[in-house]
Amino acid sequence: MTAFLALLHRDLTVAARQAPFLLLATLTQPILVILVFGNILPRLGLVSATFGIVMVPGLMAIAILMAGVQGVLMPLVQDFSGTREVDERLLAPISVFGVTVERIVAGAVHAATAGLVAGPAMILLMHGTGLGDVQPRWALLLPFIAICGLLSASFGLTLGTQVQPRFAGLLFAVVLGPMMLFGCAYYPWAQLKEIGPVRFLFLLNPLTFVSEAMRLAVTPEAPHMPTPLLLAGLFGWLVTFTFLGTRAFEKRAIL
Amino acid sequence: MSTLVVENLTKTYPGTRKAPPVEAVRGISFSVEPGEFLGLLGPNGAGKSTTLGCMSTLVRPTGGRIVVDGAEVGKDPSGVKRSLAVVPQMRNLDRELTVRELLVFHGRYFGLEATEREARATRLLDDLQVADKAGAKPATLSGGQQQRVMIARALMHDPKVVLLDEPTTGLDPQARRLLWETLQRLHQRGLTFILTTHYMEEADRLCERVAIVDHGRILTLDTPAALKKSLPGAQVLDLWMRAPQPLAPRLRAVTGVLNIEAVEASDGDADGLERLRLFVEPGEGLLDRVLVAVREGGADLRHVSLSQPSLEDVYIHLTGRGLRE
């Protein structure tokens with residue numbers, strides 16, 4: 001446990017030093033998207049004024065997912081493509097599983113911070129435009145952000161261990177890009193009834209559950225996924241990715 | 001009790017679709033006594049680093065047993081990791097931290113108290129002559145400085161055995177000599193080291209015992225002096241030439257020539273020249289007799305070198321190949 005906490009301390013120390021850059025990377029996209037879809041387009045009459053409200057939880061979800069994935073994926077890719085800083089961790093008195101779980105927890109802190117910063121920033125922005133108020137249920141939001149952070153980080157671990165370092169750039173275009181479009185970030189899953197059974201394919205996308213969790217906590221009045229399905233999806237994907245990611249990590253780290 | 005015991009270690013890396021399995025280590029056994037400096041000498045690909053990797057728990061052995069200070073690899077990895085430290089071949093210092101911070105964090109990973117880890121970091125930075133770099137990031141350090149920081153980091157948790165994997169590869173001669181002096185100083189204070197290297201001079205200078213490793217096996221293991229003594233003859237005479245016919249039979253008949261080995265051409269040799277290595281008992285007229293035999297054989301002799309035998313000669317004697325290929 002000592003080694004686990006020490007590793008976490010190291011990761012959070014480094015992350016805190018990079019905070020300005022991380023915030024910039026996290027905030028730029030959602031704020032600009034809210035500005036366009038929540039302010040400019042409604043004024044032009046191209047989308048309804050409430051669209052911004054639908055998007056707030058979705059953009060929070062994207063911020064969480066991206067921060068979680070990047071927080072784990074980038075150090076992993078660098079390690080496996082040559083720096084091997086991970087070897088120092090593996091030589092600490094801690095199991096390989098412990099090293100991996102620490103990575104997930106550190107990535108989750110990263111992801112949760114992104115969600116907690118992006119959410120209020122967008123809520124303030126929405127309020128400022130006078131288009132509508134968003135009142136999140138904090139008691140629900142905080143645990144959901146924690147679970148979604150862990151899910152995103154374990155997903156990043158799975159990606160980082162399955163993908164050759166030289167294809168890491170491609171991941172963002174080929175995997176994460178489509179995920180964001182088909183992850184119910186810009187529309188509630190409940191309303192996909194219109195497109196028929198195809199909507200169940202969206203459940204294969206972990207972002208769908210992150211988006212719906214944020215939707216339930218941030219805009220509870222909007223239509224959202226049934227809670228049992230939501231919880232099953234969040235925990236199901238979390239367990240799956242943690243299992244796949246830790247197993248693959250051990251395979252690649254210990255020759 | 002031995003600090004470290006390796007018994008019949010084997011490691012086969014599984015094959016892939018494109019590559020067959022690789023038997024990197026094929027049954028290596030040795031033990032290291034407290035305070036000893038042991039070297040594993042051999043060319044690249046001999047299995048030295050894999051052997052070291054198995055000891056450090058970063059490579060999973062296929063077979064055999066490794067015990068470090070009472071803890072067995074595979075059964076008590078945390079115990080093993082507390083007892084040993086690794087200075088890897090690849091410089092893997094934490095790039096996000098300063099030199100001092102990375103030492104202190106390493107101590108924290110091993111559960112050292114705050115005052116203890118600060119005090120040790122200060123002492124080791126001084127000891128390894130990198131105190132002036134305490135506030136710098138590793139990327140701004142020279143190769144030799146990074147190597148010394150890696151040794152300082154390894155010593156933070158007070159290990160019983162330090163594994164050094166090719167510690168001077170890529171260093172300039174001056175940095176290499178400084179590192180050798182540092183290692184000798186630490187060894188004199190009682191630290192136990194296991195070193196892999198393909199520089200015979202390094203093994204000769206630092207190690208009390210040297211295992212010559214080739215193709216995953218230990219060919220011989222003894223003190224450098226005993227290894228050199230095991231060679232026939234007191235000196236080594238190398239001849240580089242172009243010969244129209246094999247010269248060895250003719251040279252073998254020369255008085256004072258005890259043994260002859262043809263050395264396979266390596267990068268260091270002049271292009272296309274044949275190299276013969278003669279183990280000789282130096283005596284009056286020996287060189288004359290050899291030169292006459294070469295001339296009579298119709299060979300065009302280009303280069304001659306007479307030297308004391310080195311560990312490389314031992315390696316060549318055992319394998320028929322040069323170390324740097």
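Is the crossing of H3(B) and H5(B) right-handed or left-handed? I opened the notebook with that one, keeping in mind that this is a predicted model. The answer: H3(B) and H5(B) cross in a right-handed sense.

**Entry: H3 against H5, chain B**

I looked up the geometry next. H3 of chain B covers residues 99-109 and H5 of chain B covers residues 143-155; their axes come within 8 Å and cross at roughly 25 degrees. Angles under 35 degrees count as roughly parallel, so that is what I call H3(B) and H5(B).

Then I went through the contacts. From H3(B), I noted B:Val99, B:Leu102, B:Leu103 and B:His106; across from them in H5(B) sit B:Val149, B:Ala152 and B:Arg153. I sorted the residues of this contact into five nonpolar, one polar and one charged.

**Entry: H3 against H4, chain B**

Which angle do H3(B) and H4(B) pack at? I got about 135 degrees, with the axes 9 Å apart, H4 of chain B being residues 114-127. That makes H3(B) oblique to H4(B). The handedness I wrote down for H3(B) passing H4(B) is right-handed.

On the H3(B) side of this contact I listed B:Arg100, B:Leu103, B:Val104, B:Gly107 and B:Arg108. They meet B:Arg117, B:Glu118, B:Arg120, B:Ala121, B:Leu124 and B:Leu125 in H4(B). My tally here is five nonpolar, one polar and five charged.

**Entry: a residue on both lists**

Notes: Residues are numbered from 1 along each chain as its sequence is written. Chains are lettered from A and ligands numbered from 1 in the order in which they are written. This is a predicted model: local features need pLDDT of at least 70, side-chain atom pairs count only at pLDDT 80 or more; totals for chains, interfaces and linings use all residues. Axes are lines fitted to C-alpha atoms, for helices over the stretch in contact, and angles run from 0 to 180 degrees between N-to-C directions. Helices (H or I, at least four residues) and strands (E, at least two) are DSSP runs, numbered from the N terminus. Angles under 35 degrees count as roughly parallel, over 145 as roughly antiparallel, 65 to 115 as roughly perpendicular and the rest as oblique. A crossing is left-handed if the near helix is turned anticlockwise from the far one by less than a right angle, and right-handed if clockwise. Two residues are in contact if their C-beta atoms, placed from the backbone, lie within 7 Å. Ala, Val, Leu, Ile, Met, Phe, Trp, Tyr, Cys and Pro count as nonpolar, Asp, Glu, Lys and Arg as charged, and the others, Gly among them, as polar.
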